[in-house]
Structure formats: structure tokens, C-alpha cells
Amino acid sequence: MEYRVLKYFLAVTREENITKASEALHLSQPALSRKLMQLEEELGTELFIRGKRRITLTPAGILLCRRAQEIIELTEKAGREVRSQEGELEGVISIGSGEGETFRLFSRLMVNFQEQHPRVKFDLYTNNGDFIRERLERGLLDIGIIFKPRDLEKYSYLKLPDRERCGVIVPADSPLASKESVTPEDLIGQNILLSKRAETLGFARWAGECFAKYTIPVTYNLVYNAALLVSQGAGIAQTIEGAVSLYRNPDILFKPFYPPLEITGCMVWKKNQPQPPAVSGFIAYVKQQLTGGSPE
């Protein structure tokens with residue numbers, strides 16, 4: 001498969017129309033149609049369902065779309081890295097992070113580094129730890145900000161100084177709103193919106209025998225929409241304090257767990273993998289700022 005043909009394929013996927021895609025690509029419609037047919041012949045399967053007004057993807061097309069986006073992203077990333085080997089420090093550093101107070105300090109480090117190296121840019125992804133690990137493994141991210149990294153033999157890592165308090169967000173009119181903190185017993189009988197990183201945060205271990213008694217009608221990825229559900233009376237949401245501190249929603253309140261449950265974030269990157277100068281320079285800068293140069 002040619003890189004150029006994959007870009008053609010993605011353009012048609014995006015536009016859902018051969019004519020519009022050919023105009024966007026500055027390519028004749030017959031030439032584009034021919035390239036797509038050759039791609040289907042090469043793969044031995046149909047990629048499109050060709051309707052009168054709209055083109056949609058077959059299951060095989062959906063799979064290729066995902067992989068093609070990764071291939072294009074990796075190819076462009078590799079090109080930027082090769083071009084950045086000489087001269088002034090430049091390039092794009094891809095960083096993945098969840099929502100949390102941990103990122104506040106890290107964001108200051110990013111801004112300060114960029115002021116020193118204005119030709120360096122950051123590409124930021126916000127998602128959960130599993131998403132970040134997957135993209136690190138595939139080479140689509142250079143650095144991840146996660147809690148309790150697994151498979152440490154694969155990663156170099158640096159612990160970040162901020163600690164996150166775990167707890168729940170509750171509606172302002174909930175009986176739990178008057179409590180300074182909540183216990184495992186307090187959550188029995190509540191509808192709990194459970195974060196997908198609950199296992200990493202040690203929520204079940206904190207809850208102990210009470211966990212089996214919990215009602216969990218919703219699991220979620222990022223907290224913003226979960227907070228909206230809480231404000232509409234859907235229940236309470238297990239989370240970390242820093243993930244909700246920026247929203248300033250008067251309809252919800254954060255209540256920490258008791259006994260306290262706190263976690264620490266880490267900056268991670270793959271071991272034994274050559275890094276482009278911008279990435280290695282930023283990692284060295286963060287180490288120097290946080291530890292004097294030595295990772296924990």
C-alpha cells in the first residue's frame with residue numbers, strides 16, 4: 001500500500017463522496033476511483049459501500065481507516081524527527097495525559113520549555129491510562145502522564161511531586177454533600193458512576209467488602225460528561241479531585257474518601273528507544289527541574 005493512496009482513502013472516508021474528495025485532493029474523479037479500486041484489488045476485499053449520494057465503509061474499510069490514520073501519523077512524525085536532527089532544537093512532542101491536578105505542574109514545564117525552544121511544538125492527547133499506554137506502545141506518543149505505570153520493564157519513568165486525592169463528586173443537594181468525607185459504607189445504596197481507571201486508583205481495595213454491594217449503572221472515561229450526569233441526578237461519580245477542580249460547577253461537590261486514598265502520577269517513556277532531539281531535550285529538562293537530573 002502506498003502512503004499516497006492511503007491519504008486518498010482517508011480523504012474519501014472523510015468526505016463520504018468521491019467528487020468532493022477528488023476536489024479536495026486536486027485529482028480527477030476517474031483517477032481517484034481507479035486508485036481506490038486498485039487498493040481494493042490489492043487487499044482482496046471491498047472497502048466501500050457505494051450509495052447514490054454517500055459512500056460508507058465496510059467492516060474491512062473501518063479497520064483500514066483506523067490503521068491508515070496510524071500509518072499516516074507515524075510517517076509524518078518520523079519525517080519531522082528526521083528533519084529535526086540538525087540545527088536548532090525543533091519538532092513535535094506527543095504527550096498523552098489524563099485529567100488531573102498532576103498536569104498543572106507539567107503544563108508549566110511545557111510552557112517554560114517552549115519559551116526556551118520556540119520551534120518545538122506539543123501535540124497533546126487527553127484520555128485514560130490504557131489509551132495512553134497503547135499509543136506509547138505503537139510509537140504514536142512520546143511521553144505519557146499516568147498513574148501507577150504497569151510493565152515498568154518497558155518504561156523509563158519519573159514520579160511527579162503532586163499527589164491526587166481520590167473521592168466522589170455528588171450533587172449539591174445530596175445527603176452526602178454535608179459530609180466532610182465519605183466512607184465505603186456511605187456509598188452503599190448510591191448509583192455510582194465508575195471511572196475506567198478505578199482499578200488503577202485502588203478503588204475496590206479501598207472499598208473492601210462494601211464493593212460487592214455497590215450499584216454501578218455507568219462506567220466512564222473522562223469526567224466532564226460524568227459530572228454533567230451527576231448534576232442531573234444520575235448518581236455520584238468516583239474520581240480524583242484534580243479532574244473536577246477546573247470545572248467550577250456549583251451543582252456538584254467533591255468529597256474525599258476516608259480513610260484517605262491518594263495517588264501519584266508519573267511521566268513515562270519507552271526504554272531503549274532512540275528519541276528525537278526535541279523529546280530527549282524535554283525529558284532532560286523535566287528531570288533537571290524536578291530532581292536535579294536523576295529520575296526516581
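Predicted model: local features only at pLDDT ≥ 70, side-chain atom pairs only at ≥ 80, totals over all residues.

Reader: What makes β6 and β9 a strand pair?

Author: Pairing takes at least two bridges. Strand β6 (residues 155–171) and β9 are joined by 4 bridges and run antiparallel, so they qualify under that cut-off. On the parallel side, β7 (residues 191–195) pairs with β9 over 2 bridges, and there Ile192 stands opposite Ile236.

Reader: Why is Thr239 called buried?

Author: Buried means under 20% relative accessible area. Thr239 comes in at 2%, so it counts as buried. Its contacts beyond four places in sequence include Arg165, Tyr220 and Phe254.

Reader: And the rest of β9, how covered is that?

Author: In β9 (residues 236–240), 5 of 5 residues are buried. Ile236, Gln238 and Ile240 sit on one side, with Ala237 and Thr239 on the other.

Reader: How do you know that Glu241 and Arg165 form a salt bridge?

Author: The nitrogen has to be within 4 Å of the carboxyl oxygen. For Glu241 and Arg165 the closest N and O atoms are 2.8 Å apart, so the pair passes. Glu241 is in helix α10 (residues 241–244) and Arg165 in strand β6, so the bridge ties together parts 76 residues apart in sequence.

Reader: Is Arg165 buried or partly exposed?

Author: Partly exposed: the class runs between 20% and 50%, and Arg165 has 35% relative accessibility. Glu241, at 29%, is partly exposed too.

Notes:
Residues numbered from 1 in each chain as written. Heavy atoms only, no water. Buried < 20%, exposed > 50% of the residue type's maximum accessible area, 1.4 Å probe, protein only. Contact = heavy atoms within 4.5 Å. Salt bridge = Lys/Arg side-chain N within 4 Å of Asp/Glu carboxyl O.
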